[in-house]
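Take a moment with the sequence and the 3D picture below. We'll walk through them together, one stop at a time.

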Amino acid sequence: PATATSGTYTIGVGNFYAKRMSTNDYATYLPTTGTGTPGNVLTISSSALSVGQNTSVASKKVAPGSQTAVIGSYAIQASSAEDVRVSTINMTWGTQTGTPSTDLTNLSLWDGSNQFGTTIGTSNDTSNSFTGSLLVPKSTTKIIDVKANVASSATDTMTIVTRLATGSISAVAQVSGNTVTAPTTTTACRG
């Protein structure tokens, strides 16, 4: 059905009528077992995105005045059902010792060398919303790096924690057209 979001279906070939080419006669009710021959199994599952901290990027220290410093990194993976196109990422802050609006400028999100959305010149202390287009192919992981310039006046004891709260990513599944939101739990990264 058009509204199916999950389930398992098997389509098989039942009894049928056939003409034998070698003898030019007809055979009926093939196969003779009476049960039919099952085909491949088709499993329907909902589209989903999983989000986690990119574990290949460890917490680190950067000097005051650093430019385009990676202050967080996330792994976004599409399920095996279908490709998913991300349209919005709303990033917030976790527990930290710095003040993002005075300590960070030119906040941006990156998929490798491709920027997602536009650069936010002065970061907001509560949340920062990015709108763009990021295709995450099914069964594939995309790495999103959070980058910013660190103010030269930032103290060397400052700690910045980026966070993707529950439902902070909006996306659309590319075949079904279903809306996909992620993550299902809050994910934080210490820069």
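What you see is a predicted model, where local features need pLDDT of at least 70, side-chain atom pairs count only at pLDDT 80 or more, and totals for chains, interfaces and linings use all residues. Residues are numbered from 1 along each chain as its sequence is written, and side-chain values use heavy atoms, leaving out hydrogens and water.

Let's start with an open sheet of five strands, in the order β5-β6-β11-β8-β9 with antiparallel pairing. β5 (49–53) and β9 (114–122) are at the edges with a single partner strand each, so one side of each has no neighbour in the sheet. Strands here are DSSP runs of E with at least two residues, numbered from the N terminus, and two of them pair if DSSP finds at least two bridges between them. Strand β6 and strand β11 (residues 141–150) are joined by eight bridges, and Tyr-74 sits opposite Ile-144 in β11.

Now zoom in on Ser-73, which belongs to strand β6 (residues 69–78). Ser-73 counts as buried because its relative accessibility is 3%; buried means under 20% relative accessible area, exposed over 50%, and partly exposed in between (1.4 Å probe, protein chains only).

Next, the backbone. Thr-68, in the loop between β5 and β6, has a positive phi of about 45° although it is not a glycine, and Thr-68 is exposed at 53%. Asn-106, in strand β8 (residues 104–111), also has a positive phi, near 50°. Finally, the peptide bond from Ala-182 to Pro-183 is cis, with omega near -10°.

Conventions: Helices (H or I, at least four residues) and strands (E, at least two) are DSSP runs, numbered from the N terminus.
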